[in-house]
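Here is a short note for a colleague opening this model for the first time. It takes charged side chains first, then a pocket.

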Amino acid sequence: MRKVVPGSQDTIRPEDTGIPTRTFCFREFHNKNDGRLKMGYIAIDLGTTNIKVCCYDNGVTPLSLKRIKVNYEGSGNIVEFDAGKYYKMVLRAIGECAADAFGNSKEKHSIILTGQAESLVITDEQYTPLANAISWLDTRSGKETEIIGSHFSQEQRYSITGQSCITETFPIT
């Protein structure tokens, strides 16, 4: 697996991931008076179903939206994904969406990163993934769920974690 370093000369090309993408470009991002590019925003949603990147102008008007479907591996209660490939897909979505919205601009833009659920990636000292990432959808921790449930009451679990119930997708399992 080729390691991609943010800010390096390394680029992600469509053929690097083999995953179909869709890009929507909403409008040109230039000031009507002088044609100069102004700072914008790049919002990144690390989603379960799709990685989504949307670029906005300074007035928070959407300029370009990119979605890439996330593919999972495993069977039964095992739900994993290739963290290196996921990272490449994020970089690819950012690059293509920003190019559509901001062209070849060297202007700095603010980045907003969001994600809802917990997933686990085990890395070495250089942050290279050592195995597939474990998705929050993974339910292989049935035994651990039972152990936690037998040691801590629902009230204790809630007061410590804020979680109202314990399931196999409970972050601590």
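**Salt bridges and a pocket**

1. Start with K66 and E96. Their side chains form a salt bridge, with N and O 2.2 Å apart. This pair links distant parts of the chain. K66 sits in strand β4 (residues 62–69), while E96 belongs to helix α2 (residues 83–102). The two are 30 residues apart. Keep in mind that this is a predicted model.

2. Are the two partners buried or exposed? K66 has a relative accessible area of 1%, so it is buried, under the 20% cut-off. E96 has a relative accessible area of 22% and is therefore partly exposed.

3. E96 has another partner. It forms a salt bridge with R92, and here the closest N and O atoms are 3.2 Å apart. Both E96 and R92 lie in helix α2. They are four residues apart, about one turn of the helix. R92 is buried, because its relative accessible area of 4% is under 20%.

4. Side chains of opposite charge can pair when their charged atoms come close. D138 and R140 also meet in a salt bridge, at 2.7 Å from N to O. D138 has 6% relative accessibility and counts as buried. R140, at 35%, counts as partly exposed.

5. E96 is in the salt bridge with K66 and in the one with R92. Across the whole structure, a search finds five salt bridges. The pairs described above are among them.

6. Now the second largest pocket. It holds about 510 Å³ of space. Its lining is made up of 22 residues. Nearest its centre lie L46, F81, Y86, V90 and S119.

7. Which elements give two or more residues to this lining? They are β2 (41–46) and α2. Helix α2 gives the most, with six residues. Helix α2 is also where E96 and R92 lie.

8. Then follow E96 across to K66 in strand β4.

Notes: Residues are numbered from 1 along each chain as its sequence is written. This is a predicted model: local features need pLDDT of at least 70, side-chain atom pairs count only at pLDDT 80 or more; totals for chains, interfaces and linings use all residues. Side-chain values use heavy atoms; hydrogens and water are left out. A salt bridge is a side-chain nitrogen of Lys or Arg within 4 Å of a carboxyl oxygen of Asp or Glu. Buried means under 20% relative accessible area, exposed over 50%, partly exposed in between (1.4 Å probe, protein chains only). On a 1 Å grid over the protein atoms alone, a cavity is a set of points where a 1.4 Å probe fits but cannot get out, and a pocket is an open set with protein on both sides within 12 Å along at least five of seven lines; lining residues have an atom within 4 Å of a point. Grid points are joined across faces, edges and corners, and a volume is the space filled by probe spheres set on the points.
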